[in-house]
Structure formats: C-alpha cells, structure tokens
Amino acid sequence: MSILKGKKIVIIGDRDGIPGQAIEECVKTAGGEVVFSSTECFV
Amino acid sequence: MDLENQKRVKEFAEKYGAENLVVILGAAEGEAAGLAAETVTNGDPTFAGPLTGVQLGLSVYHICEPEIKEEVDESVYDEQVSMMEMVLDIDDIVDEMSAIREDYCKYL
C-alpha cells in the first residue's frame with residue numbers, strides 16, 4: 001500500500017540535512033498533497 | 001521540534017484527521033529524526049511545546065528511508081536528495097525511525 005499517495009503531507013526539513021523544498025519536490029512525484037513545508041535550523 | 005511547527009502539526013491533525021496525515025522529515029542525524037518522530041507520535045519528549053502529552057500517533061518517515069524512496073520519482077530524488085544522502089548515516093536514521101514507528105505509530 002502506498003504511504004504518500006492521496007495523503008496530506010507535512011514536511012519538516014532540516015537546513016543541515018534535507019531541506020523542505022527538496023523533500024516537497026520528491027513527495028509531489030509520489031502523489032502526496034503537501035499542506036505544509038518548512039526547513040528547521042538546529043543552530 | 002520547533003514549537004511553531006508543533007502547533008501546525010497539531011492543527012493539521014485536527015483539520016484533516018490524524019489518519020490522513022503523513023509527516024516527512026529531513027533531519028541530518030538519527031537522534032534528531034527520532035526526537036521529531038517521537039514528538040508527532042507520542043508527544044514532545046522535551047515537554048516544551050504544544051504537543052506535550054498529545055499522542056497523535058502520526059505516520060512519520062524520513063525522506064531517505066527505503067519505503068519513501070521507492071515511491072518517489074528516481075530522477076527527482078537523485079536531483080534533490082542524493083547528494084546529501086551520501087553524507088548522512090542512513091542506517092542510524094532508519095533504526096531510529098523504525099523503532100519509533102513500531103512503538104507509537106497508530107496508522108501503519
């Protein structure tokens with residue numbers, strides 16, 4: 001069963017890891033609906 | 001996890017229903033990924049934010065976990081994520097995330 005398809009997706013990216021914008025581009029290709037995307041900074 | 005983001009996650013869970021929401025993380029380390037995952041499943045472990053004591057049990061994954069990677073278009077993943085993936089300790093992240101999901105996720 002698909003994890004992302006047809007789901008509402010909340011993205012918590014990381015400035016030192018994978019940024020929110022990059023995750024957003026990926027999730028869209030899997031059919032997930034991005035409702036929120038952010039990039040956290042732990043400094 | 002950022003207190004403002006905790007508030008938003010809580011609001012989205014109420015608006016769309018926790019079973020329809022999936023959280024995707026991009027944390028750089030297993031420990032940070034695990035803390036964020038715990039926050040959206042079992043509640044804020046630091047007892048600081050709006051999710052303290054709130055057990056949403058959301059589905060939560062890291063973008064580099066194999067289950068997610070296989071659902072994403074390969075060329076987009078390569079372009080957006082693979083460079084950073086090379087410097088992350090994926091095994092550590094996968095271990096942390098799997099353990100949290102097993103213990104606290106209600107919608108697997």
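Reader: What does B:A36 touch, leaving out residues up to four places away in sequence?
Author: This is a predicted model, to be clear. In it, B:A36 touches A:I12, B:M1, B:L25 and B:A27.

Reader: And which residues touch the most other members of the largest nonpolar core?
Author: B:V23, B:I24, B:L25, B:A36 and B:I63 do. That core has 41 residues.

Reader: Which elements give two or more residues to this core?
Author: From chain A, strand 1 and helix 1. From chain B, helix 1 (3-16), strand 1, helix 2 (30-39), strand 2 (59-62) and helix 6 (90-104).

Reader: Which one gives the most?
Author: Strand 1 of chain B, with five residues.

Reader: How many residues of strand 1 of chain B are buried?
Author: Five of the five, so strand 1 of chain B is largely enclosed by the rest of the structure. B:L21, B:V23 and B:L25 point one way, B:V22 and B:I24 the other.

Reader: Sheet next. What is the strand order?
Author: 2(A)-1(A)-1(B)-2(B). The four strands form an open sheet, and the pairing is parallel.

Reader: Which strands stand at the edges?
Author: Strand 2 of chain A and strand 2 of chain B. Each has a single partner strand, so one side of each is left without a neighbour in the sheet.

Reader: What's the average twist from one strand to the next?
Author: The twist averages 20°.

Reader: How many bridges link strand 1 of chain A to strand 1 of chain B?
Author: Five, in the parallel sense. The strand in chain B covers residues 21-25.

Reader: What is the bridge partner of A:I11 in strand 2 of chain A?
Author: A:S37. A:I12 stands opposite A:S38 in strand 2 of chain A. Strand 1 and strand 2 of chain A pair over seven bridges.

Reader: And how many bridges between strand 1 and strand 2 of chain B?
Author: Four, parallel again. There, B:V23 has B:V60 as its bridge partner in strand 2 of chain B.

Reader: What does helix 2 of chain B lie across?
Author: Strand 1 of chain A, together with strand 1 and strand 2 of chain B. Helix 2 of chain B runs at about 165° to strand 1 of chain B.

Reader: Now the interface. How many residues are in contact on each side?
Author: 29 residues of chain A are in contact with 32 residues of chain B. Strand 1 (8-14), helix 1 (20-29) and strand 2 (33-40) of chain A each supply at least two residues of the side that touches chain B.

Reader: How does that side of chain A divide into nonpolar, polar and charged?
Author: There are 16 nonpolar, seven polar and six charged residues.

Reader: Back to helix 1 of chain A. Which residues are buried?
Author: A:G20, A:A22, A:I23, A:C26 and A:V27. They cover an arc of only 160° around the axis, which puts them on the same side of helix 1 of chain A.

Reader: What covers those buried residues of helix 1 of chain A?
Author: The cover includes strand 1 and strand 2 of chain A, plus strand 1 and helix 4 (74-80) of chain B.

Reader: What follows helix 1 of chain A?
Author: A:G31, whose phi is positive, near 85°.

Reader: Zooming out, in what order do the elements of chain A run?
Author: β-α-β from the N terminus on. The count for chain A is one helix and two strands.

Reader: What does the C-alpha trace of chain A span along its principal axes?
Author: About 35 × 15 × 15 Å. Chain A has 43 residues, and 47% count as buried.

Reader: What share of the contacts in chain A with a separation of 6 or more is from residues 24 or more positions apart?
Author: 59%.

Conventions: Residues numbered from 1 in each chain as written. Chains lettered and ligands numbered in written order. Predicted model: local features only at pLDDT ≥ 70, side-chain atom pairs only at ≥ 80, totals over all residues. Contact = placed C-beta atoms within 7 Å. Nonpolar A, V, L, I, M, F, W, Y, C, P; charged D, E, K, R; others polar. Pairing = 2+ DSSP bridges. Core = buried A, V, L, I, M, F, W, Y, C linked by C-beta atoms within 7 Å. Buried ≥ 20, exposed ≤ 12 C-beta atoms within 10 Å, placed from the backbone. Axes fitted to C-alpha atoms, helices over the stretch in contact; angles between N-to-C directions. Arc of directions from axis to C-beta.
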